[in-house]
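Trainee: Could we go through this structure together, step by step?

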Amino acid sequence: MKRILLSISFLISHFSFTVAQEHCLWYDRPAQTWTQALPIGNGTMGAMVYGTPAVERIQLNEETIWAGQPNQVLNPEAKEYLPKVRQLIFEGRYKEAELLANEKVMPVGAGQNRGMPFQPFGDLHIAMPGHAAYSNYERLLDIDNARSIVRYDVDGVHYERETIAPLGSKVVALHLTASKPGMISFTASFSTPHTDVLTGLFADSCLSNSVYLHGVSAKHEDVKGKVRFMGMMTARATNGSVSTADGQLSVTRADEATIYVTVGTNVVDYKDISGDEVKQAADRLQAAVSMGYDRLKQRHEQFYHLLYDRVKLDLGPDLYPRVPTDKRISQFSNLPPLTPHPSPLHDNHLVETYFQFGRYLLISSSQPDNINPATLQGIWNEKMLPSWDSKYTTNINLEMNYWPAEVCNLTWMNEPLFRLIREVSETGRQTARDMYGADGWVLHHNTDQWRVTGPIDRAATGLWPMGAAWLCRHLWEHWLFTGDRDFLRQYFPIMLDAARFYSQILVQHPTKPYLVICPGESPEHGGKGRPSPLDAGVTMDNQLITELFTNVLEAAQVLGEDNSHFSFLISLLAKIPPMQIGRWGQLQEWLDDLDDPKDTHRHFSHLYGLYPSNQISPYRTPELWKAARTSLEARGDVSTGWSMGWKVCCWARLLDGEHAYKLIQDQLTLTADTFLIFGTQKQRGGTYPNMFDAHPPFQIDGNFGCTAGIAEMLLQSHDGFIYLLPALPSAWKDGSVRGLRARGGFEVDMYWKDGRLTRAVVRSENGGLCRIRSATPLKGKGLKAVKESNPDSTHLYNIQTRAGSTYELTSR
């Protein structure tokens, strides 16, 4: 991480950045609900800005405020009863196996829990007397510059509030200005849903006029909360006065003012809560105040543009800049088109903005120096008991958060995920030993800040030991995209130990010639009419095992590692069940042909091999590729928000741009966000007014999944070549994209017109062979056509590249 931060600092000192504002979420009224408020964040602090003139509300999070304390979850009887559960499954007594697992394997009784929830700090309120009668109102989230802006007029005075969560700092800063001097007056205060908190004035000569809120996180499921947190704020004003009283901060008759807010906690890491939250908060606040708002904002923009500007997508001009974003979302998939323009039918700039919004959210919720990766809601959560605890569900949701990181040129944002992988590989060793009697490490379907690795919730969802295998894919993908041999060497032991665990828990199927994981399950899905999700040798388990073992063996070759365990892995690979095509042409989800063609469940985990993995290909496995399409068609389109994001990725891998675009339309369907509706009638997935993904409720993985899917429609590199515009829909007739990353250490720009590639630029970071596939015939220096044994309508080329060189290709 130190190397990452040094490289960022070097680039900032050598590059200048221009401020543009092409992509924003724009509204003509304040937010009334949380899913109308606008998110800002710097990985450590997250804030939701409502934009109400008279009494502003900014809801605040800090990444380490979680319920509970360091702990692990494991039923001490699990090791004894797992063989009995396995035997019941092999005998076809699935429901009995599930009931026994719930009683004897899953965590039940005193001292057990289902993981801890991510919790909010509270709210910042800013009361501005006389500002209820406002006019000419607008608020926006400027995605291109990572700032929230609120503008309005009161009694002939124009007011503006700019709020940032500056990268490189651990604060939120709010800058207030007016068109006439002496017009900034307000009172600011904290509130919190936590109980038994202390508020007051912070007595420090270096932080005059500061107020605080001091508390501790909540108890949850008999685990006492021990995360102490200290929220602090102060203000600096031009002219006027700043004062504090009764835990409130006031500014009177200033020309302009800045409020600085921060939160410190006692969390050092997942096993250490010995930190000093008061000192941390004071240090963070003092550093920001000493820098001042202008310098803080300038550095923030430098850091942000270094990351954000690496990818530029252009699908055409913004034809509706003064139409509120929620209205654009509501009309996106409807005809006739929005007024005042009669054409085109497609609001392509909304898709472009949605793509960049996903990148913005990842930058804002996952910075290299964070303790935690982005949760199920990123860094934003207003509830003490959020849905699914807003923790880390590892049977797709955590991984989906990071699907855009490599291809969308945000590889640095992976670091908190890599940290979590390192830490669960530590805690998972004891779980592997005590629960399975195996070496290596294991992670089930959920973890939290305390890095629990045992199974939680019910056996029907939680008795899934494959989280380690899926997370190891991200380590291998980082190597494929970057060629960072030092990184691979650092993380290879974690991959090897995960493989060692699975090699020891594979068991012989009693009636089939295969080694299988048992108990296993196709995540959260038992299939229509089946008594229980528990089974043996399900397709996704087989895909994950095959992928992990294969990647470990390839990594060993790259690093020159020699280990007697490698030959054992090779022998095991030959005994893993292959993917199978079922009776109606589908890719089977289970070892037996049990799939129901009318099943439209949100999870379709057997298509892991299609995406994010690369085990299903139109060129290498055409029959399986067709079967995957049959399965995906049967699952249907409209589903939960994150499921539709995954489907965009899968339809892109099926090279069907029109169907992928149809899923984007389904995703960009406005979801009702009022409590009067939610809970009283069934809601479909889609998008909230603030562009957050709607499961419903809010889950950020749908944003990240769809962003990755849009990139996958434009560029693919998983199949041994870089495929240019593999799934371009007719709606994106003309356009360009710059800066997408491809495996092998390549960066690609593309330009197209009338649906046909006109120009591509390939930059080679590491050198070596670059293989290109395109529907358009190409020409360029060093480009050589490749003859294929089974040619299709595309064209395949080779370029032998040199590290640091750029190659330009044009259409013939």
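Mentor: We shall look at the overall fold, then the core, then some local details.

Mentor: This is a predicted model, in which local features need pLDDT of at least 70 and side-chain atom pairs count only at pLDDT 80 or more, while totals for chains, interfaces and linings use all residues. Residues are numbered from 1 along each chain as its sequence is written, and side-chain values use heavy atoms, with hydrogens and water left out.

Trainee: How many helices and strands does the protein chain have?

Mentor: There are 19 helices and 33 strands in the protein chain. Helices (H or I, at least four residues) and strands (E, at least two) are DSSP runs, numbered from the N terminus. The radius of gyration is 27 Å, close to the 28 Å that the globule rule gives for 812 residues, so the chain is as compact as a globular protein of that length. That radius is taken over C-alpha atoms, and the rule is 2.2 Å times the number of residues to the power 0.38.

Trainee: What does the C-alpha trace span along its principal axes?

Mentor: The span is about 80 × 70 × 55 Å.

Trainee: And what percentage of the residues is buried?

Mentor: Buried residues are 64% of the 812 in the protein chain. Buried means under 20% relative accessible area, exposed over 50%, and partly exposed in between (1.4 Å probe, protein chains only).

Trainee: Which residues have the most contacts inside the largest nonpolar core?

Mentor: They are Tyr 502 and Trp 732, in a core of 231 residues. Helix H13 (residues 485-505) gives the largest share of this core, 12 residues. A nonpolar core is a set of buried Ala, Val, Leu, Ile, Met, Phe, Trp, Tyr and Cys residues joined through side-chain atoms within 4.5 Å. A second, separate core has 17 residues, including Tyr 260 and Leu 296.

Trainee: What does Trp 732 touch?

Mentor: Leaving out residues up to four places away in sequence, the residues that Trp 732 touches include Leu 315, Tyr 661, Met 713 and Trp 752. Contact means heavy atoms within 4.5 Å.

Trainee: New topic: which peptide bonds are cis?

Mentor: Pro 612 lies in the loop between helix H15 (564-573) and helix H16 (622-635). The bond from Pro 696 to Pro 697 is also cis, with omega near 5 degrees. Pro 697 is in the loop between strand E23 (693-694) and helix H19 (701-714).

Trainee: Which residue touches Pro 696 and Pro 697?

Mentor: Tyr 688 touches both, and among its other contacts are Thr 35, Ile 329 and Phe 698. Tyr 688 sits in the loop between strand E22 (686-687) and E23, and counts as buried at 5% relative accessibility.
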